Amino acid sequence: MSFWHRAGHAIASVLASYFLVAGLCGSTCAAAICVEDCDPCLNQCLCHTQCQHAVLDPQTSHKLSKYRLEITDQRDGTTLRTISEISGLSLDLADGVREHTSADFVRFAAGVIEFNGLLLQSRRGLWTPQPVETFDGAVVVPFASTESRGALTFLFDRRGNLVEIDEVRR
């Protein structure tokens with residue numbers, strides 16, 4: 001067998017192994033115009049996909065692991081903490097794929113507070129839920145501090161993915 005023939009077989013074997021491993025390790029999301037290599041159970045995919053895995057345990061489905069934290073001082077003396085680019089937290093992941101009620105959004109947000117205590121728990125008191133606000137493309141779940149004038153607001157998209165958390169500290 002010639003050198004080029006063996007090299008061709010080696011390259012073909014490596015490529016075949018790569019595609020076999022890539023196909024077994026991840027899932028592919030495909031839509032009419034959107035194609036990405038993304039596991040919707042771990043990330044918020046750009047394509048419209050459904051997680052096919054089982055519902056995760058409460059700590060895994062509520063724990064912030066990938067996010068961006070921005071802290072800014074406001075002119076009125078308050079501090080705004082914004083947690084954005086949140087990856088992997090959704091009601092579908094926690095409760096399964098179904099229609100979610102306002103109570104589901106509040107319960108999920110309270111779970112996020114509970115399992116991310118160092119990041120979200122107010123040192124001055126506990127958070128109490130306020131009335132949920134529903135819009136065409138979003139659901140807003142506000143919380144008020146029981147002992148201060150602080151506020152904590154969760155922003156979800158209509159599919160139940162957690163998009164952003166804003167905390168105002170006074």
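pLDDT is the predictor's confidence in each residue, on a scale from 0 to 100. The chain here averages a pLDDT of 78, and 63% of its residues score at least 70. This is a predicted model, so local features need pLDDT of at least 70 and side-chain atom pairs count only at pLDDT 80 or more, while totals for chains, interfaces and linings use all residues. Residues are numbered from 1 along each chain as its sequence is written, and side-chain values use heavy atoms, with hydrogens and water left out.

**The chain as a whole**

- You're looking at 5 helices and 9 strands; helices (H or I, at least four residues) and strands (E, at least two) are DSSP runs, numbered from the N terminus.
- Walk along the sequence and the pattern reads α-β-β-α-β-β-α-α-α-β-β-β-β-β.
- Of the 170 residues in the chain, 32% are buried; buried means under 20% relative accessible area, exposed means over 50%, and partly exposed is in between (1.4 Å probe, protein chains only).
- The chain's accessible surface is about 10,800 Å², and carbon and sulfur atoms account for 58% of that; the areas come from the Shrake-Rupley method with a 1.4 Å probe, and for residues only the protein chains shown count as cover.
- Take the contacts between residues at least 6 apart in sequence: 44% of them join residues at least 24 apart, a contact being heavy atoms within 4.5 Å.

**Helix α4**

- Helix α4 covers residues 102-115, and its length checks out: its 14 residues at 1.5 Å each should span 20 Å, and the end C-alpha atoms are 20 Å apart. The expected span is 1.5 Å times one less than the number of residues.
- The buried residues in α4 are Asp104, Phe105, Val106, Phe108, Ala109, Gly111, Val112 and Ile113.
- As background for reading that list, an α-helix has 3.6 residues a turn, so residues three or four places apart point the same way.

**Aromatic pairs**

- The whole structure holds 3 aromatic pairs. Rings of Phe, Tyr and Trp (its six-membered ring) pair if their centres lie within 6.5 Å; planes under 30 degrees apart count as stacked, over 60 as edge-to-face and the rest as tilted.
- One of them is phenylalanine 108 with phenylalanine 156, an edge-to-face pair at 5.9 Å centre to centre with 65° between the planes.
- That pair ties distant parts of the chain together, with phenylalanine 108 in helix α4 and phenylalanine 156 in strand β8 (residues 151-157), 48 residues apart.
- Phenylalanine 108 is buried, at 0% relative accessible area, and phenylalanine 156 is buried at 0% as well.
- Phenylalanine 143 and phenylalanine 154 also pair edge-to-face, at 5.7 Å centre to centre and 70° between the planes.
- Phenylalanine 143 counts as buried at 3% relative accessibility, and phenylalanine 154 is buried at 0%.
- Ring pairs also join Phe105, Phe108 and Phe156 into a cluster.

**The loop between β4 and α3**

- Leucine 89 sits in the loop between β4 (79-87) and α3 (91-95), and at 2% relative accessibility it counts as buried.
- The C-alpha atom of leucine 89 is 5.7 Å from that of leucine 162, although the two are 73 residues apart along the chain.
- Serine 90 is in the loop between β4 and α3 too, and it is buried with a relative accessible area of 9%.
- The side chain of serine 90 reaches the backbone nitrogen of leucine 93 at 3.1 Å.
- Leaving out residues up to four places away in sequence, serine 90 touches Phe108, Gly160, Asn161 and Leu162.

- Glutamate 85 is in strand β4 and is exposed, with a relative accessible area of 55%.
- Glutamate 85 has a positive phi of about 50° although it isn't a glycine. Most residues other than glycine have a negative phi.
- Proline 131 lies in the loop between β5 (127-129) and β6, and at 64% relative accessibility it counts as exposed.
- The C-alpha atoms of proline 131 and valine 141 are 7.2 Å apart, with 10 residues separating them along the chain.

Key:
Polar contact = N/O pair within 3.5 Å; in protein donor to acceptor, adjacent residues only side chain to side chain.
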